[in-house]
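Welcome, and thanks for taking a look at this one with us. Please have the sequence and the 3D view open as you read the notes below.

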Amino acid sequence: MTYGYAKNTFKWAEDWIEKNLRRRLFLYKRKYPLFNLERFIEQLTRYEADSKTQRWWPYMKDEDIAKMNKLRRRVASHRRSAERAD
């Protein structure tokens with residue numbers, strides 16, 4: 001599902017990264033049930049991240065995930081406000 005964005009051509013640097021990231025985000029979702037795991041992964045895959053950054057993603061702390069999710073919500077809010085203003 002693409003939440004208002006064009007489908008991208010993201011490539012994982014290594015196969016294990018996505019599996020471990022999903023496992024990590026699943027643990028986060030168990031703590032915070034309203035967390036949208038698929039939308040968060042889609043947000044990450046929009047970045048032109050190098051392999052070093054991708055390798056870090058599965059090891060994010062809860063605070064890092066919360067910050068990135070908050071930024072995503074803020075950007076979406078600004079986008080909706082801009083659309084209403086037009």
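Among contacts in the chain between residues at least 6 apart in sequence, 69% join residues at least 24 apart. Keep in mind as you browse that this is a predicted model. The chain contains four helices and zero strands, and its pattern along the sequence reads α-α-α-α.

**Confidence and burial**

- The average pLDDT of the chain is 85, and 90% of the residues score at least 70.
- Confidence is highest in α1, with a mean of 95, and lowest in α4, with a mean of 83.
- The chain has 86 residues, of which 30% count as buried.

**Where α2 meets α4**

- Helix α2 spans residues 37-45 and helix α4 spans residues 62-85; the two pack at an angle of about 85°, and their axes lie 11 Å apart.
- An angle from 65 to 115 degrees counts as roughly perpendicular, and α2 and α4 are therefore roughly perpendicular to each other.
- On the α2 side the contact is made by Arg-39, Phe-40, Gln-43 and Leu-44, and on the α4 side by Ile-65, Met-68, Asn-69 and Arg-72.
- Sorted by class, the residues of this contact of α2 with α4 are four nonpolar, two polar and two charged.

**Gln-43 and Arg-72, a pair to click on**

- Gln-43 sits in helix α2, while Arg-72 belongs to helix α4.
- Is Gln-43 buried or exposed? With a relative accessible area of 5%, Gln-43 falls under the 20% cut-off, so this residue counts as buried.
- Leaving aside residues up to four places away in sequence, Gln-43 touches Met-68 and Arg-72.
- With those sequence neighbours up to four places away again left out, Arg-72 touches Arg-39 and Gln-43.
- Arg-72 and Leu-44 are 28 residues apart along the chain, and their C-alpha atoms are separated by 10.0 Å.

**Where α1 meets α4**

- Helices α1 and α4 pack at an angle of about 80°, with 11 Å between their axes.
- As a result of that angle, α1 and α4 are also described as roughly perpendicular to each other.
- Here Arg-24, Leu-25, Tyr-28 and Lys-31 of α1 meet Asp-62, Ile-65 and Ala-66 of α4.
- The contact of α1 with α4 divides into four nonpolar, no polar and three charged residues.

**The nonpolar core**

- In soluble globular proteins, nonpolar side chains tend to be buried together.
- The largest nonpolar core in this model has 14 residues, and the members that touch the most others are Leu-25, Phe-40 and Met-60.
- At least two residues of this core come from each of α1 (15-31), α2 and α4.
- Which helix gives the largest share of this core? That is α2, which supplies four residues.

Definitions and conventions: Residues numbered from 1 in each chain as written. Heavy atoms only, no water. Axes fitted to C-alpha atoms, helices over the stretch in contact; angles between N-to-C directions. Parallel < 35°, antiparallel > 145°, perpendicular 65-115°, else oblique. Contact = heavy atoms within 4.5 Å. Nonpolar A, V, L, I, M, F, W, Y, C, P; charged D, E, K, R; others polar. Core = buried A, V, L, I, M, F, W, Y, C linked by side-chain atoms within 4.5 Å. Buried < 20%, exposed > 50% of the residue type's maximum accessible area, 1.4 Å probe, protein only. pLDDT = per-residue confidence, 0-100.
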